[in-house]
Amino acid sequence: MEKLQAALEKARLKRGGGSGTMPAQTAPQRVPRAQNARSANVDTLWSSIPSVALQDSALLRHRIVTRNASEEATPFDILRTKIILQMQQHGWSRLAVTSPMPQSGKTTTACNLTLGLGRQNNLRAMLFDMDFSSPSVHKSFELDPRDSIKRFLTGDISFEDQATRIGENVIASMSPRVESDPTQVLLAERTMHALDEVQDNYEPDIMIFDLPSVLKGDNTRAFLKNVDCALIIARAGITRYGQFNTAEREIAEHTNVLGVVLNACGSGVGHGDVE
């Protein structure tokens, strides 16, 4: 674990000793979309998405602890605040959450961040399960998705016919099943336009994308061009030094590395490195 922690420190210093981003020449820059004052129609659009009630017992079974403020939620709340401040500073709105390898806690982190954002009355957040080979956001929430996110991205159905609203200011777009040939969808120009349309119409403050693990295939690489920055989730005892180094380097080729979370390191949920 010492090697992994050394790699995390090296990554932090590489991002400029606290800038939270990779050097400008490392990754191509996605041009952030303009954030205007919300139109009156936005509230109507959000209200039109069918709402569901989450069960606390179900959330706790999957270590989702941020629906309400609590001691257990505090580490995620700290991470949430750091992420919000950094993204607002840069004018960013799209965050990818990924890991070098599976079983690192990326989906748990993405779900906790999203519900934590939902407790901020002045923010609206969206969560997209883009891990088509192993979708699990719906399992973490113990919800049955209304339809496949793939069908929305390919234009077969509208966003309002696929998405689910959680409370007043969180929308989740989930996948109920494993999808074939996910890279084709993730690379498609139609996917980019579909997400741009959602952002333009619904005007979320932050869009979180739960992506596949980087080293399990090319799906994450195919999609990173659509986000402003990425959060890397590593796990002590699981993530190896070489895996983290490779994943961090490859992510930085496509987008900004916002920071790293090391899960299962001593007590607590994890140690964040978002500066």
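How many helices and strands are there in the chain? The structure is a predicted model. Its chain holds eleven helices and nine strands.

The chain has 275 residues, and 53% of them count as buried. The accessible surface of the chain amounts to about 11,900 Å². Carbon and sulfur atoms account for 49% of that surface.

Two strands illustrate the pairing in the chain. Strand β7 spans residues 229-235 and runs parallel to β8. Seven bridges join the two strands. Arginine 235 stands opposite asparagine 263, a residue of β8. Strand β8 covers residues 256-263 and is mostly covered. Eight of its eight residues are buried.

The largest pocket has a volume of about 790 Å³. Its lining consists of 33 residues. Closest to the pocket centre are Gln103, Ser104, Gly105, Lys106 and Thr108. Helix α5 provides the largest share, with four residues. By residue class, the lining of the largest pocket divides into 18 polar, eight charged and seven nonpolar residues.

Notes:
Residues are numbered from 1 along each chain as its sequence is written. This is a predicted model: local features need pLDDT of at least 70, side-chain atom pairs count only at pLDDT 80 or more; totals for chains, interfaces and linings use all residues. Side-chain values use heavy atoms; hydrogens and water are left out. Buried means under 20% relative accessible area, exposed over 50%, partly exposed in between (1.4 Å probe, protein chains only). Accessible areas come from the Shrake-Rupley method with a 1.4 Å probe; for residues, only the protein chains shown count as cover. On a 1 Å grid over the protein atoms alone, a cavity is a set of points where a 1.4 Å probe fits but cannot get out, and a pocket is an open set with protein on both sides within 12 Å along at least five of seven lines; lining residues have an atom within 4 Å of a point. Grid points are joined across faces, edges and corners, and a volume is the space filled by probe spheres set on the points. Ala, Val, Leu, Ile, Met, Phe, Trp, Tyr, Cys and Pro count as nonpolar, Asp, Glu, Lys and Arg as charged, and the others, Gly among them, as polar. Two strands pair if DSSP finds at least two bridges between them.
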